[in-house]
Amino acid sequence: MSAARTWAVTLRIVRQFRRDPRTLVLLFAVPIVVILLVGYLLRTSSGGIKLGFVEETGGAAAPALGALGQTLSEAGVTSYHLSRAEAEEQVEGGELDGAIIVSPADQGAAISILLEGSNPQRSKAILRIARQVSLVLSTSSALPQALPEESDLSVTYYYGGPDFDTIDFQAPPLIGFFAFFFVFLLTTVSFLRERTAGTLERLMVTPTTRAELVLGYVAGFGIFAVLQAMVILLVTVFVLQVEYAGNLALVLLLVVAVTVGAANLGIFLSTFARTELQAVQFIPIVIVPQGLLSGVIWSIDTFPRWLQGVAHVLPLTYSNEALRDVMIRGRGLLDEGVGLNFLALVGFAAFFVVIASMTLRRQVG
Amino acid sequence: MGPAVSVEGLSKRFGRVEALHDVSFTVAPGQTYGLLGPGGCGKTTLIRLLLGVLRPSAGRAVVLGRPVPSPATAAVIGYMPQLPALYLELTARENVSFFASLYGVHSRRAVDETLALVELADRADSPVSTFSGGMRQRVSLACALVHRPRLLLLDEPTVGIDPRLRVAFWTYFQRLNDEGVTIILSSHVMDEAERCRRLILLRDGRLLAEGSPAELRSQAATSTLEEAFLAFAGNGT
């Protein structure tokens, strides 16, 4: 085992990166743009609803609706007061997402709802608002205030907090996901190039051992994966202002574990591709299922049983849980969840190292 | 001193195709041997068997006193593949010093000298992607030479190189021979083969004849190597 040879391989990869500005952009700019977009979209998804109120009770429900409109505008819902005919026309024409009609009934008021209906998320939000309206009106002649204020309820947050958004929940896994994605893609392609250009054969006839080669590769790509993770972390914490309770060194340690696995899986799979196009075809096989099933977006415990089983053979499942534990819950390596998930990542990495080494035998055929 | 390379009954099958059939020869140290034959005759297979990247189906090869493959000999063999296997994004110097460090050579002077030898000192810091085919071939040769190997295995080293530089290569090969370096190179160019000390004629994976260019010509009673090759090939079938 020669550190000099390992370092030579690492240095070569770093130099190749430096000469390749497109890859650098891919590595650093793309995750930043994606994470900013996800953050922006998740924070604004509830907003933008246009809702009409039709009040036909001759003013009896007006104070309650006025107070509710105030609350709604804070949540990004714009409300309008109009006549039933206007509401029907505008909902059908798509200018409004829906309208809530309050009409007189035997006891108090009756509520009917018009929905534009093509966007199920908005429809559901309007139905929720309508339930609040009915709640307010049924209890309300005496209660002008729309809803019990949150501050009236006693809430205890164990982790996160009242300002915690979906993005706070989803940013930690994205760090692991991007590290895995880029390191996997870049090692697969660059190893494929080594094979097709003949440089791999040239390397294998030097005294370089498989271990030195694999270690050099892992270190070369690991440097960039760690830099990428730090950049993503800075953006999420300082630009997106995501809550962050964790220990930076531990986050980077998890990223390194993910990187070792991803680089070696890439080396292994590069054997099965003849062209770069074929290498890119591994993305839907390796990356997309992990993006969907590893709990980046949807929690694994909501999956049907068999899909949970699938999720548990994906390395990113473990890195996602560990990164959430560290970054949101501020847990350490010795806490049970983090420790076991880290061990699982190490196990995956070791397995991928073994199968990658098998494809790097000096002698073939 | 024993032979630099000795090969006994070496055969290699790829599935149903026999790329090399029962080839035996020895190579004396400090000489240049030419593997001569048309494309697909088994030259590259033979070189890769000597390197140990292929495992023979039968027979054995001993290189520098050790059976192939041997980690100990890897450090003293230089290999130049047929296609210039280089990192195109890197400069000539970075390519050469990369292979140098894999062979445990860390001196900047060794790299500079090797680059000067292949007449690339003035372009040493340009990326190889900007080089012509012949220049890439020279960088590739430099990568095979930089650690001063005792045995050089060169697969078609002079393809795409202009005549002036080809002469320079041959002069340099002679100098390496004088220093005791053994060279085995493959070629399909007959006039180039005249410059080798000894030749191994291959066709369809079989050894047709072995000897110095003059011996081969007189054995076949022909005036050129090309005619000699055809005469041997005719006898073989």
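Domain bounds here come from an automatic or database domain assignment. By that assignment, chain A is divided into domain 1 (3–42 + 160–358) and domain 2 (47–152). Before you start clicking, note that this is a predicted model: local features need pLDDT of at least 70 and side-chain atom pairs count only at pLDDT 80 or more, while totals for chains, interfaces and linings use all residues. Residues are numbered from 1 along each chain as its sequence is written, and chains are lettered from A, with ligands numbered from 1, in the order in which they are written.

**Stop 1: chain A as a whole**

Colour the two domains of chain A separately; their centres, taken over C-alpha atoms, are 47 Å apart. Along the principal axes, the C-alpha atoms of chain A fill a box of roughly 90 × 45 × 40 Å. The radius of gyration of chain A (over C-alpha atoms) is 27 Å, whereas a compact globule of 365 residues would have one near 21 Å; that globule rule is 2.2 Å times the number of residues to the power 0.38. Switch to cartoon and you can look for 14 helices and four strands in chain A. Helices (H or I, at least four residues) and strands (E, at least two) are DSSP runs, numbered from the N terminus.

**Stop 2: helix α14 of chain A**

Select residues 336–358 of chain A. At 1.5 Å a residue, the 23 residues of α14(A) should span 33 Å, and the end C-alpha atoms are 33 Å apart, which agrees. The expected span is 1.5 Å times one less than the number of residues.

Which residues of α14(A) are buried? They are Val338(A), Asn341(A), Phe342(A), Leu345(A), Phe348(A), Ala349(A), Phe352(A), Val353(A) and Ala356(A). Buried means that 20 or more other C-beta atoms lie within 10 Å of the residue's own; exposed means 12 or fewer, and partly exposed lies in between, with C-beta atoms placed from the backbone. An α-helix has 3.6 residues a turn, so residues three or four places apart point the same way.

**Stop 3: where the chains meet**

Show both chains. The contact takes 23 residues from chain A and 27 residues from chain B, where two residues are in contact if their C-beta atoms, placed from the backbone, lie within 7 Å. On the side of chain A that touches chain B, α1 (3–18) and α7 (199–204) each supply at least two residues, and α1(A) gives the most, with six.

Next, select α3 of chain B, residues 92–102. Here 11 of the 11 residues are buried, so the helix is largely enclosed by the rest of the structure. The buried residues of α3(B) pack against α1 and α7 of chain A together with α4 (108–117) and α5 (133–145) of chain B. Just after α3(B), Gly104(B) takes a positive phi of about 80 degrees.

**Stop 4: backbone details in chain B**

Go to Leu154(B) in strand β7 (residues 151–155). With 25 C-beta neighbours inside 10 Å, Leu154(B) counts as buried. Leaving aside residues up to four places away in sequence, Leu154(B) touches Met80(B), Ala144(B), Ile183(B) and Leu185(B).

Then check the peptide bond joining Val68(B) and Pro69(B): it is cis, with omega about -10 degrees. Pro69(B) is in the loop between β5 (66–67) and α2 (71–74) of chain B.

Finish at Asp22(B), in strand β2 (residues 17–27) of chain B. Phi of Asp22(B) is near 45 degrees, a positive value in a residue other than glycine. Asp22(B) is partly exposed, with 14 other C-beta atoms within 10 Å.
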